[in-house]
Amino acid sequence: MGRPPRRLVTREGIMRAALALVDEEGPDALSASRVAKRLGVKGPSLYAYVSGRDEIVDGLHALIVAEMELADATGPWTGVIDRWARSYRAAFAAHPRAVPLIASRPVRVPAALEAYARAFDALRAAGWPEERLLPVVRSVEYFLIGSALDLDAHPEDGLHGEHLPAGLGPLRCAPPHHRELAFETGLAALIEGLRAKLAALRREPGGGTGRAAPPDAK
């Protein structure tokens with residue numbers, strides 16, 4: 001009797017197995033041995049393709065970024081930020097359990113770094129000062145991460161005991177679409193606040209940037 005066919009392992013296959021594992025069982029389940037088991041191989045065989053857990057996290061992050069629509073950075077900067085935020089959240093909504101893993105790692109995924117570069121370019125063209133570019137993008141990112149972390153939570157958790165304070169109706173009776181309402185409310189407020197901040201910077205001596213804002217900056 002011949003040997004059974006050797007199981008084919010690829011780097012992409014490892015990342016897809018890792019993402020499926022996290023989607024199903026949560027971030028704490030991620031390990032090289034658990035991923036290897038899903039692929040039907042021994043744990044050490046993965047190290048021919050990845051260096052360890054951190055690289056696997058970066059790889060599943062790359063898969064999630066690939067699901068985002070980040071290429072369009074044209075038009076007013078507010079529209080760029082709006083599209084970027086919605087695309088990120090849609091991908092996070094498909095993989096909410098992966099968010100804690102991604103949020104705990106520095107961004108190293110090339111496609112994600114390219115998205116940062118396009119966002120910086122759009123803000124720079126709108127007249128944002130160079131030292132404000134990262135804070136603006138980070139402020140949006142922090143909002144998105146917080147929104148994504150809530151996707152796998154339930155507002156009524158922990159509200160079944162005695163001696164709870166009065167006035168918890170909004171938590172006890174949260175509408176099914178409360179997360180979408182919170183996201184829309186927060187994103188609109190964030191963009192409007194950033195728009196006001198840019199206007200205030202332009203009123204400062206030197207216009208905040210030392211150059212006139214382009215006519216299409218909004």
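Predicted model: local features only at pLDDT ≥ 70, side-chain atom pairs only at ≥ 80, totals over all residues.

Visitor: Which residues of α1 are buried?
Guide: Helix α1 has 15 residues and reaches 21 Å from its first C-alpha to its last, close to the 21 Å expected. The cover over its buried residues includes α2 (32–39), α3 (53–66) and α5. Those buried residues are Ile 14, Met 15, Ala 17, Ala 18, Leu 19, Leu 21 and Val 22.

Visitor: Which residue follows α1, with a positive phi?
Guide: The segment before α1 (11–25) holds Thr 10. At the other end, the helix is followed by a residue whose phi is near 95°. That residue is Gly 26.

Visitor: Is Arg 105 buried or exposed?
Guide: Arg 105 is placed in the loop between α5 (99–103) and α6 (110–126). Its relative accessible area is 17%, and the limit for the buried class is under 20%. Arg 105 is therefore buried.

Visitor: With which side chain does the side chain of Arg 105 make a polar contact?
Guide: Beyond its neighbours within four places in sequence, Arg 105 is in contact with Asp 54, Val 57 and Asp 58. The polar contact between side chains has a distance of 2.9 Å. The partner there is Asp 58.

Visitor: What kind of aromatic pair do Trp 77 and Trp 128 form?
Guide: A search of the whole structure finds 5 aromatic pairs. In the pair of Trp 77 and Trp 128, the ring centres are 5.5 Å apart and the planes stand at 85°. Since planes over 60 degrees apart fall in one class, this pair is therefore edge-to-face.

Visitor: How many residues apart are Trp 77 and Trp 128?
Guide: Trp 77 is buried, at a relative accessible area of 2%, and Trp 128 is also buried, at 3%. Trp 77 belongs to helix α4 (residues 77–94), whereas Trp 128 lies in the loop between α6 and α7 (130–149). The pair thus links distant parts of the chain, and the separation is 51 residues.

Visitor: What kind of pair do the rings of Tyr 116 and Phe 120 form?
Guide: Tyr 116 and Phe 120 are 4 residues apart in helix α6, a separation of about one helical turn. Their ring centres lie 6.1 Å apart, with the planes at 25°. Because planes under 30 degrees apart meet the cut-off, the pair is stacked.

Visitor: Over the face of which residue does Arg 89 lie?
Guide: The distance from Arg 89 to the ring centre is 4.7 Å. The ring belongs to Phe 183.

Terms used: Residues numbered from 1 in each chain as written. Heavy atoms only, no water. Helix = DSSP H or I, 4+ residues; strand = E, 2+ residues; numbered from the N terminus. Buried < 20%, exposed > 50% of the residue type's maximum accessible area, 1.4 Å probe, protein only. Polar contact = N/O pair within 3.5 Å; in protein donor to acceptor, adjacent residues only side chain to side chain. Contact = heavy atoms within 4.5 Å. Expected span 1.5 Å × (residues − 1). Phe/Tyr/Trp six-rings, centres within 6.5 Å; stacked < 30°, edge-to-face > 60°. Lys NZ or Arg CZ within 6 Å of the ring centre and 35° of its normal.
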